[in-house]
Amino acid sequence: MGEDAGVDPRSTPLVDEALKKAAVAWVNVPGGPAYGLWCVPLEGALFVVSGPGEQSAPGLADATEAQVTLRGDHGGRIVTWPARVTRLAPGTEHWDTTAPLVAAKRLNARGTAADLVARWAADGCALNQLTPAGDPLAGAALPAESLAEVPRETPVVRATRKPFRLHRVRRR
């Protein structure tokens, strides 16, 4: 891919192995909450697509750094590492080689991978590369607390439904 000159040599075997198996990563940019994002691992980095018609990742398209948390086979957090964020630009060699590979892994997409890549370019979607860029936290160094947050405000409201009753209960 040609742009590996800036890869941090401090990447560890744990990060490398977690990257290979990643399908979802928790990513947060400085000052923002973590978002669970669909990702594709390629050549020691994670690639994330966001924008119109794709997943929402506020702030990631313009970020230069982020924090990435990956889970293990058991479903729990195993490693958190700082990442350098690089946005791939449509029409560049890096985009032309990487975007079709990412599009091929996109589930439930309409059309072919080439159609999807063309839509990403036309709609201004961000294809970001997240490359390890520092010392990871793993094992005992990970926070012991859950890091759960209060649910974010949303304009979506669910109507409370009345409980279902199979039969009427008669009162005496």
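Helices (H or I, at least four residues) and strands (E, at least two) are DSSP runs numbered from the N terminus. The structure is a predicted model, in which local features need pLDDT of at least 70 and side-chain atom pairs count only at pLDDT 80 or more, while totals for chains, interfaces and linings use all residues. Residues are numbered from 1 along each chain as its sequence is written, and side-chain values use heavy atoms, with hydrogens and water left out.

The buried residues of α1 are V15, A18 and L19. Seen down the helix axis, these residues fall within an arc of 105°, so they line one face of α1; the arc is that of the directions from the helix axis to the C-beta atoms. The buried residues of α1 pack against β3 (40-42), β4, β5, β6 and β7 (126-132), a contact being heavy atoms within 4.5 Å.

K20 is exposed at 60% relative accessibility, whereas E17, at 37%, is partly exposed.

The protein chain has 3 helices and 8 strands, and along the sequence they follow the pattern α-β-β-β-β-β-β-α-α-β-β. Its radius of gyration is 20 Å, well over the 16 Å that the globule rule gives for 172 residues, so the chain is more spread out than a compact globule. That radius is taken over C-alpha atoms, and the globule rule is 2.2 Å times the number of residues to the power 0.38. Along the principal axes, the C-alpha atoms fill a box of roughly 80 × 45 × 30 Å. Of the 172 residues, 31% count as buried. Among contacts between residues at least 6 apart in sequence, 66% join residues at least 24 apart.

The interior comes next. In soluble globular proteins, nonpolar side chains tend to be buried together. A nonpolar core is here a set of buried Ala, Val, Leu, Ile, Met, Phe, Trp, Tyr and Cys residues joined through side-chain atoms within 4.5 Å. The largest such core has 22 residues, of which V27, L46, L60, V68, L70, W81 and L130 touch the most other members. At least two residues of this core come from each of α1, β1 (24-28), β4, β5 and β6, and β6 gives the largest share, 4 residues. Another core, of 15 residues, lies apart from it and includes V40, L88, W95 and A103. Within the largest core, L130 is one of the residues touching the most other members. Not counting residues up to four places away in sequence, L130 touches V27, A45, L46, V48, L60, V68, W81, A83, R84 and V85.

Strand β6 (residues 77-88) also contains T80, which is buried, with a relative accessible area of 9%. The side chain of T80 makes a polar contact with the side chain of T69 at 3.0 Å. A polar contact is a pair of N or O atoms within 3.5 Å; within protein, one must be able to donate a hydrogen and the other to accept it, and residues adjacent in sequence count only if both atoms are side-chain atoms. Beyond its neighbours within four places in sequence, T80 is in contact with Q67, V68, T69, P136, L137 and L142.

Charged pairs complete the picture. Side chains of opposite charge can pair when their charged atoms come close. The count of salt bridges comes to 4, and E54, R106, R119 and D123 are linked in a network of them. R106 is partly exposed, with a relative accessible area of 24%, whereas E54 is buried at 15%. R119 forms a salt bridge with E54 as well, the closest N and O atoms being 2.4 Å apart. R119 lies in helix α3 and E54 in the loop between β4 and β5, so this pair ties together parts 65 residues apart in sequence. R119 is partly exposed, at 26% relative accessibility.

Terms used
Buried means under 20% relative accessible area, exposed over 50%, partly exposed in between (1.4 Å probe, protein chains only). A salt bridge is a side-chain nitrogen of Lys or Arg within 4 Å of a carboxyl oxygen of Asp or Glu.
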